[in-house]
Amino acid sequence: MYRRNSPPRYLRPCPEKRPLGTSVTSAVAQKEDVQVISGRQLQNQRQQWNLSILDMCFISITVPNAFVNSLTINWVISVTGCATQIFLVLFCAYVEILILSIMAWDRYVAICQPLQYPLIMNCQFYVRVTLAFLLSGLLYAGVHTGNTFQLSFCQSNVVHQFFCDVPSLLRLSCSDTTSNVVLILVSAVVICGGCFLFIAMSYIHIFSAVLKFPTRAPGKAFSTCTPHILVVSIFLSSGSGVYLRCSATSDTLKYMVLSAFYTMIPPFLNPLSIVSGINR
């Protein structure tokens with residue numbers, strides 16, 4: 001008798017053994033990615049709240065008052081009200097450009113140094129930066145407002161603007177405004193010029209790093225950074241055009257259009273910049 005041969009059995013290949021260090025490293029990297037993403041979302045929420053509150057205050061200083069005045073046909077404003085409006089406009093504009101600069105730095109750290117993002121852009125950093133911005137903004141606005149109302153106004157009391165600002169009052173003054181103009185020029189060069197260089201260098205590093213990524217990455221990065229760049233460009237160009245032209249011969253209509261650009265357009269465009277940063 002012959003025994004029937006049983007069908008051949010095929011051995012399953014042994015699963016490939018992965019080194020323990022590889023799996024541990026992968027788990028650690030994945031955990032770090034989760035921390036970076038959660039930290040990034042948390043900082044975006046802080047940016048969103050800070051910039052949203054500032055934009056509401058900024059646009060509430062000028063637009064509602066001008067709208068009510070146009071309805072009631074009453075354009076009279078007291079000296080105290082004019083000084084308060086100048087102080088608040090300068091304060092909000094100062095803090096606005098600094099927050100826009102920090103947003104550019106936030107994008108740089110998130111793209112170029114993602115693993116160090118929770119260490120650099122932490123809660124303590126944002127608290128200290130916010131307090132520094134607010135205190136220096138109060139000082140900046142107080143110096144310019146006080147320096148403006150030390151002048152003598154003996155000409156027409158008609159302000160050719162839909163809100164009170166420093167250049168409008170300098171046109172009405174019969175005192176020597178050289179020190180005021182020099183102070184405006186120095187502050188514009190130091191603050192606006194410094195913020196512009198800071199933002200420009202941040203985006204240069206961002207785009208140089210993004211161009212090394214796969215094919216789709218540059219287009220996505222450009223689309224997410226474009227709203228922020230647009231807001232910064234409009235704000236700095238229109239604001240500089242208003243405060244660097246304090247002469248009495250400047251065109252009133254052009255002056256009012258530029259003032260509307262830097263006081264109303266950025267608050268409407270900033271939500272697009274915030275959303276694009278969060279979606280990135």
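Is Tyr243 buried or exposed, and what is its relative accessible area? Tyr243 is buried, at 15%; buried means under 20% relative accessible area, exposed over 50%, and partly exposed in between (1.4 Å probe, protein chains only).

## About the model

This is a predicted model, where local features need pLDDT of at least 70, side-chain atom pairs count only at pLDDT 80 or more, and totals for chains, interfaces and linings use all residues. Residues are numbered from 1 along each chain as its sequence is written, and side-chain values use heavy atoms, with hydrogens and water left out.

## The core

A nonpolar core is a set of buried Ala, Val, Leu, Ile, Met, Phe, Trp, Tyr and Cys residues joined through side-chain atoms within 4.5 Å. The largest one here has 57 residues, and Tyr243 and Tyr262 touch the most other members. Helix α2 gives the most to this core, with 20 residues. (Helices are DSSP runs of H or I, at least four residues, numbered from the N terminus.)

In α2, 26 of the 34 residues are buried, so this helix is largely enclosed by the rest of the structure.

## Two tyrosines

Aromatic rings of Phe, Tyr and Trp (its six-membered ring) pair if their centres lie within 6.5 Å; planes under 30 degrees apart count as stacked, over 60 as edge-to-face and the rest as tilted. That rule gives nine aromatic pairs. Tyr243 and Tyr262 make an edge-to-face pair, 6.0 Å centre to centre with 70° between the planes. Tyr243 sits in α7 and Tyr262 in α8, so their pair ties together parts 19 residues apart in sequence. Tyr262 is buried too, with a relative accessible area of 2%.

Key
Helices (H or I, at least four residues) and strands (E, at least two) are DSSP runs, numbered from the N terminus.
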